[in-house]
Amino acid sequence: MRVLGIETSCDETGVAVYDTERGLLSQALFSQIDMHAVYGGVVPELASRDHVRRLLPLLRQVLSDAGIGARELDGVAYTAGPGLAGALLVGAGVARALAYGWGVPALPVHHMEGHLLAPLLEDDAPEFPFVALLVSGGHSLLLEARALGEYVPLGESVDDAAGEAFDKAAKMMGLGYPGGPAISRLAEQGRAGRFRFPRPMTDRPGLDMSFSGLKTFTLNTIHDLGGATALNDQDRADVALAFQEAVVDTLVIKCRRAMQATGAKRLVVAGGVSANGMLRERLARAMGKLGVKVYYPGLAYCTDNGAMIAYAGALRLAAGERQEGLGVSVRARWPLSELGRVPVR
């Protein structure tokens, strides 16, 4: 089965073709980062309009790179949520129209399930069941993945997501957008121990997370140093290091608790923040002590991409799922726990 995947949930336009026998045949991605960086964050209307411009050229490129024609596709998968409603509607509308025109089934895919399954694209792929930490600009959650579609929530952020906190902290320091890579690079020059930021909600039981207070602590620290305009390069590096350590340590502590609570020996970490080098290093150390193996997507698949949507869609289409009717609907909010377990054929 060959499946076209379309991802337009936020500020990246991703298209890919996945073959259930041969694997990923081709993919293309256009990032809107440069456009949104001028505004310090994603502007939803601009994101939607850019998806309109980019989607069909990327589609033609992907089919050409795969060496196949449209009539050789067996299905079209698209991100139906969660995400920006306008951006989602662009991908959903195009996907439904293409599927109808080509006479193949279409299937809505949950964006976070795409991230969850992205590590399965790798040669060393995890098997169900496993615990997953999904960390991105819009989501931070821990769950137990028992089977395809059967996801049991363990904990989530009660306010800002980890990636969102990175973006806001970077903006406080005048580092621009996106904040995660900027803080990570700057933290390499930071001096350990100058600042000690809190590890939110780690002094109480449970697996929920919070990063809003950490954002406020960062702002107060910057004010104590005279404000953003008074910071020198070393100040910024030291604050960046302290902030990153606090986020990473919080995530590691929560993962350790989740593995101990479930007894699982496989941990999947996915989403944009999963590319963070310090997070990978400290998770390796902590999980190694528990005998837990950690799985990540390739760096190209940590952020939003069409490959993860094509793959997730291929698994569900192969299991017999189809979307009935011709209506186009998306969900800006969509709990992952609402997905149903996919029966094995």
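An axis is a line fitted to C-alpha atoms, for helices over the stretch in contact, and the angles run from 0 to 180 degrees between N-to-C directions.

Who does the touching? On the α5 side you have Lys168, Ala169 and Met172, and on the α7 side Lys215, Thr218, Leu219 and Ile222; contact means heavy atoms within 4.5 Å. That set splits into 4 nonpolar, 1 polar and 2 charged residues. For the classes, Ala, Val, Leu, Ile, Met, Phe, Trp, Tyr, Cys and Pro count as nonpolar, Asp, Glu, Lys and Arg as charged, and the others, Gly among them, as polar.

Before I go further, a word on what we're looking at: this is a predicted model, where local features need pLDDT of at least 70, side-chain atom pairs count only at pLDDT 80 or more, and totals for chains, interfaces and linings use all residues. Residues are numbered from 1 along each chain as its sequence is written, and side-chain values use heavy atoms, with hydrogens and water left out.

Now α5 again, with another partner. The axes of α5 and α8 come within 11 Å and cross at roughly 170°, so these two are roughly antiparallel. Here Ala162, Ala165, Phe166 and Ala169 of α5 meet Phe243, Gln244 and Val247 of α8. By class, that's 6 nonpolar, 1 polar and no charged residues.

Which residues of α5 are buried? They're Ala162, Gly163, Ala165, Phe166, Ala169, Ala170 and Met172. Buried is under 20% relative accessible area, exposed is over 50%, and partly exposed is in between, with a 1.4 Å probe and protein chains only. Those buried residues pack against β6, β7, α6 (179-187), α7 and α8 (233-262). After α5 comes glycine 174, with a positive phi near 75°.

On to the annotations. UniProt, in an unreviewed entry, gives "binding site" for Leu134, Val135, Ser136, Gly137, Gly138, Asp167, Gly180 and Asn276. Its positions are in the numbering used here, feature names are shortened, and annotations may be inferred rather than shown by experiment.

Take two of those. Valine 135 sits in strand β6, residues 130-135, and counts as buried because its relative accessibility is 0%. Leaving out residues up to four places away in sequence, valine 135 touches Ser140, Ala162, Leu251, Val269, Ala270, Gly271, Gly272, Val273 and Ser274. Glycine 137 is in the loop between β6 and β7 (140-147), and at 42% relative accessibility glycine 137 is partly exposed. Beyond neighbours within four places, glycine 137 contacts Ala161, Gly163 and Glu164.

The unreviewed UniProt entry also lists "binding site" for His111, His115 and Asp304. These are spread over 194 residues of sequence, yet they cluster in space, with a largest C-alpha distance of 8.6 Å. Histidine 111 is in helix α4, and is buried at 5% relative accessible area. With neighbours within four places set aside, histidine 111 is in contact with Glu7, Ser9, Thr79, Gly81, Pro82, Asp304 and Met308.

For cysteine 10, the nearest cysteine sulfur is that of cysteine 302, 16 Å away. Cysteine 10 is partly exposed, at 23%.

Note on methods
Helices (H or I, at least four residues) and strands (E, at least two) are DSSP runs, numbered from the N terminus. A disulfide is a pair of cysteine sulfur atoms within 2.5 Å. Angles under 35 degrees count as roughly parallel, over 145 as roughly antiparallel, 65 to 115 as roughly perpendicular and the rest as oblique.
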